[in-house]
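Subject: A structure for you to explore

Hi there,

Here is the structure I promised to hand over. Please open it and keep it on screen while you read, and I will walk you through what I found.

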Amino acid sequence: MNFLCDSMMGKLSKLLRMCGFDADYYKPGLNLENIKNFEGEDRVILTRNQKFKKYVGPLKIYFPEHDDPLMQLRQVLKEFQLADKVRFLSRCMECNEEIVPVDKESVRGKVPFYVFDNYGTFLQCPKCRRVYWEGTHVEKMRDKLRRVLE
């Protein structure tokens, strides 16, 4: 499932990416005019902006009720029955591309020395070149996700 998060849903877009879902973030903000530019895309619009209740068109729009991004994630996963489709750490949290495994030697100088010396598996975004590894921050992310899925 693919999503388009409006300017109110930036944190939710990153959480959806953490779960492996294609979640574009439209920072300039959507309105009833520019939303028509996305009608050809296979995306669900995620917004809390009530003006979109007036929208008539082919796009599905979902309005998460909670202010808390983790609760919003829980709502989206439940609403679209996605809990069993989570692919943790498979997308770039920054630019939404799928990340790919890379050779350790290719990240030398791109990660801190300690990380390079103590981790063997690395992933990288082919678009923005951001490097990922399973450090303590990843375990914290997994814990957040576990709480959401409970």
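Let's begin with a pair of helices: H1 and H2 cross in a right-handed way. H1 covers residues 10-18, and its axis and that of H2 come within 9 Å, crossing at roughly 55 degrees. That angle is why H1 counts as oblique to H2. Please keep in mind that this is a predicted model.

Which residues make the contact? From H1 come Lys11, Leu12, Leu15 and Leu16, and they meet Pro69, Leu70, Gln72, Leu73 and Val76 of H2. Sorted by type, the residues of this contact are seven nonpolar, one polar and one charged.

H2 has another partner. H2 and H4 pack with their axes 9 Å apart, at an angle of about 55 degrees. Here too the angle makes the pair oblique, H2 to H4, and the crossing of H2 and H4 is right-handed. On the H2 side you will find Leu70, Leu73, Arg74 and Leu77, which meet Lys144, Leu145, Arg147, Val148 and Leu149 in H4. This contact divides into six nonpolar residues, no polar ones and three charged ones.

Now back to H1. How many of its nine residues are buried? Seven are, so to speak tucked away, and H1 is mostly covered. The buried ones are Gly10, Leu12, Ser13, Leu15, Leu16, Arg17 and Met18. Their cover includes the strands S1, S2 (22-25) and S3, along with the helices H2 and H4. After H1 comes Gly20, with a positive phi near 95 degrees.

Next, the inside of the protein. The largest nonpolar core has 31 residues, and those with the most contacts inside it are Phe3, Leu16, Met18, Leu46, Leu73, Val76 and Leu89. Strand S1 (2-5), H1, strand S3 (44-46), H2 and helix H4 (136-149) each give at least two residues to this core. There is also a second, separate core, with 10 residues, including Ile35, Leu59, Ile61 and Phe63.

Leaving out residues up to four places away in sequence, Phe3 touches Leu16, Phe21, Asp22, Ala23, Asp24, Arg43, Val44, Leu46, Val76, Phe80 and Leu82.

Most residues other than glycine have a negative phi. Leu89, however, has a positive phi near 50 degrees, and Asn96 has a positive phi near 80 degrees. Where is Leu89 found? Leu89 is in the loop between helix H2 (69-79) and strand S5 (100-102), and Asn96 lies in the loop between H2 and S5 as well.

Is Leu89 buried or exposed? Leu89 counts as buried because its relative accessibility is 7%, under the 20% cut-off. Asn96 has 5% relative accessibility, so Asn96 counts as buried too.

Enjoy looking around, and write back with any questions.

Best wishes

How values were computed. Residues numbered from 1 in each chain as written. Predicted model: local features only at pLDDT ≥ 70, side-chain atom pairs only at ≥ 80, totals over all residues. Heavy atoms only, no water. Helix = DSSP H or I, 4+ residues; strand = E, 2+ residues; numbered from the N terminus. Buried < 20%, exposed > 50% of the residue type's maximum accessible area, 1.4 Å probe, protein only. Axes fitted to C-alpha atoms, helices over the stretch in contact; angles between N-to-C directions. Parallel < 35°, antiparallel > 145°, perpendicular 65-115°, else oblique. Left-handed = near helix turned anticlockwise from the far one by under 90°. Contact = heavy atoms within 4.5 Å. Nonpolar A, V, L, I, M, F, W, Y, C, P; charged D, E, K, R; others polar. Core = buried A, V, L, I, M, F, W, Y, C linked by side-chain atoms within 4.5 Å.
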